[in-house]
Amino acid sequence: MATAASIVIVGAGLAGAKAAEALREQGFGGHLTLIGDESHLPYERPPLSKGYLAGDDDRSSFEVHDADWYAEHRVELVLGVKATAVDSTAHEVELVDGRRFGYDQLVLATGSAARTLALPGAGAHGVLTLRRVEDSEAVRAAFGRGPLAIIGGGWIGMEAASVARSKGVDVTIIEAADLPLSAVLGPELAQVFLDLHREHGVRFHLGASVTEITATDGRATGVLLGDGTHVPAATVLVGIGAAPNLELAQGAGLDIARGVLVDAALRTSDPDIWAIGDIAEQSHPILGDRVRIEHWANALNQPAVAAAAMLGQPASYDELPYFFTDQYDLGMEYVGHAPAGSYAQVVMRGDLAGREFIAFWLDSQDRVLAGMNVNVWDVVDEVKALILSRQPVDVARLADPAVPLADVIR
C-alpha cells in the first residue's frame, strides 16, 4: 500500500482523537486533519451522565488531549463546523462553510445523535436529551426546577436518575418495556436495577406509552401516558437511545446496514475509507457475526487497529464488547455479547440480594457468552478468558464463589 500523504478524520470525539493519536504513534508523518461539529476539544462522553452531570468532574478531566497536544503532534483541528459531504471520487470532504479538504485516506468517526420524540409538546422548553456537554449542563441546571420525568429506562436514563436523586430531585422513569434495561440484561438482571432505583425513591411507569408532553406557555409541565396518567414534571429528559450518524457514509456510497459495514480491520466498502466507533458495523472475528456496539470501549480501542491497517500493517479488531455503569453505590462492568435470544441461562455467583455478585450468560452448550460483575472487582480478565476459551463450564462450579474462575471449565 502506498503511504498516504494526507489523512482526514471526520468526527472529533473520543474515536476521532484516538485515531489521530494512533496514527502519529504508529509513524504517520503526513498531513493529519481532525474535523468536528462541536466547538470543544475532543472529549469522552461517559462523564456526561455521571461525574460531570453531578458537578464533580471538570471538563478538562475528560478531554482526550489538551490543545497543546494537537499542536505538538501537528494535528490540524477544524472544530465547530459540520462536514456535509464526502466526494469519494475526488477524495474530498466538504464542510458546511464551503471549505473542502482533500484526503488520501479518510476515517469516519461521526458517532451517534440522541433520538428524539415526534410527539405533541416535544419541542417545549424543558424537554432535553443527554448526548453533548451542553446537554449535561442543561440537565444539571434543571435539577433545581422541580420534578424530573425521564422517558426511557436505558443506561442514560438510569444513570441520570441516580445523579438526580443524589441531588434530591423527584424522579419518575417511564419505560415501554416491562423492566428497565431488559433489552440489554434480560429479566434476570434488570430486576436488580429496578429494585435499586425504587429503594432510592425513583417512581416507575413500566409497559407505558407516551402520547404527549404537556406544556403551558411553551414550557413542559409533564408527560401524558397512553392510559391517561399524567406525570407532572418541570423537566423531561428523553433517553430513548441514540442513532448512528450515517449521512456522510450514505452520501459517499458506502455499504450500510444498521451501521457502516466494515471488515475486521475496520475498512469500509471503499478501500480508502475507514469507519470506527458507534457507526462501525464490524465483521467481528471472535463473535462470528456483524456487530455494532455503541460503547466507550470501542471508541477507545478501535482507532489503533484502523491506524495500523491504514499504514499497511496486518490488523484485526477482536476486543470483546465492554461497558460499565455507576449508579448510587452500585458499580458494574459487563464484558462479552449476549443479545436477547442468544443465551440459554444466566448463572449467578455471589450475593445477589446484597448486590455483590457476578452474572454469566451461557449458551445451550454451557459456554460463557458474557459476564457482568457487580461490586466485585478485578475479575474482567478472568471472565474474558472464559468467553474466549469457547469451552463448556461446570455450572455448579461456576456458581460457587469458592471455586476460582480459572477452574470452572469442564
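Mentor: Let's start inside: the largest cavity has about 50 Å³ of space. Keep in mind that we're looking at a predicted model.

Trainee: Okay, which residues line the largest cavity?

Mentor: The lining is made by A280, Q282, H284, V291, R292, I293, N298, Q302, Y317, E319 and P321. Two elements, β20 (280-284) and α8 (296-310), each give two or more of these residues. The largest share, three residues, belongs to β20.

Trainee: How many of the lining residues are nonpolar, polar and charged?

Mentor: Five are nonpolar, four are polar and two are charged.

Trainee: Now the rings. What describes a pair of aromatic rings?

Mentor: You use the distance of the centres and the angle of the planes. This structure has nine aromatic pairs. Take W69 and Y70: their centres are 5.1 Å apart with 85° between the planes, an edge-to-face pair.

Trainee: Are W69 and Y70 buried or exposed?

Mentor: Buried means under 20% relative accessible area. W69 has 13%, so W69 is buried, and Y70, at 1%, is buried as well.

Trainee: And why is the pair of F323 and Y334 called stacked?

Mentor: Because the planes sit at 20°, and under 30 degrees counts as stacked. The ring centres are 4.7 Å apart. F323 is in strand β22 and Y334 in strand β23, so the pair ties together parts eleven residues apart in sequence. F323 is buried at 7%, and Y334 is buried at 3%.

Trainee: Which residues do ring pairs link into a cluster?

Mentor: W155, F193, F323, Y334 and W361. Elsewhere, look for R140, which lies over the face of Y52, 4.7 Å from the ring centre.

How values were computed:
Residues are numbered from 1 along each chain as its sequence is written. This is a predicted model: local features need pLDDT of at least 70, side-chain atom pairs count only at pLDDT 80 or more; totals for chains, interfaces and linings use all residues. Side-chain values use heavy atoms; hydrogens and water are left out. On a 1 Å grid over the protein atoms alone, a cavity is a set of points where a 1.4 Å probe fits but cannot get out, and a pocket is an open set with protein on both sides within 12 Å along at least five of seven lines; lining residues have an atom within 4 Å of a point. Grid points are joined across faces, edges and corners, and a volume is the space filled by probe spheres set on the points. Helices (H or I, at least four residues) and strands (E, at least two) are DSSP runs, numbered from the N terminus. Ala, Val, Leu, Ile, Met, Phe, Trp, Tyr, Cys and Pro count as nonpolar, Asp, Glu, Lys and Arg as charged, and the others, Gly among them, as polar. Rings of Phe, Tyr and Trp (its six-membered ring) pair if their centres lie within 6.5 Å; planes under 30 degrees apart count as stacked, over 60 as edge-to-face and the rest as tilted. Buried means under 20% relative accessible area, exposed over 50%, partly exposed in between (1.4 Å probe, protein chains only). A charge sits over a ring if NZ of Lys or CZ of Arg is within 6 Å of the ring centre and within 35 degrees of the ring normal.
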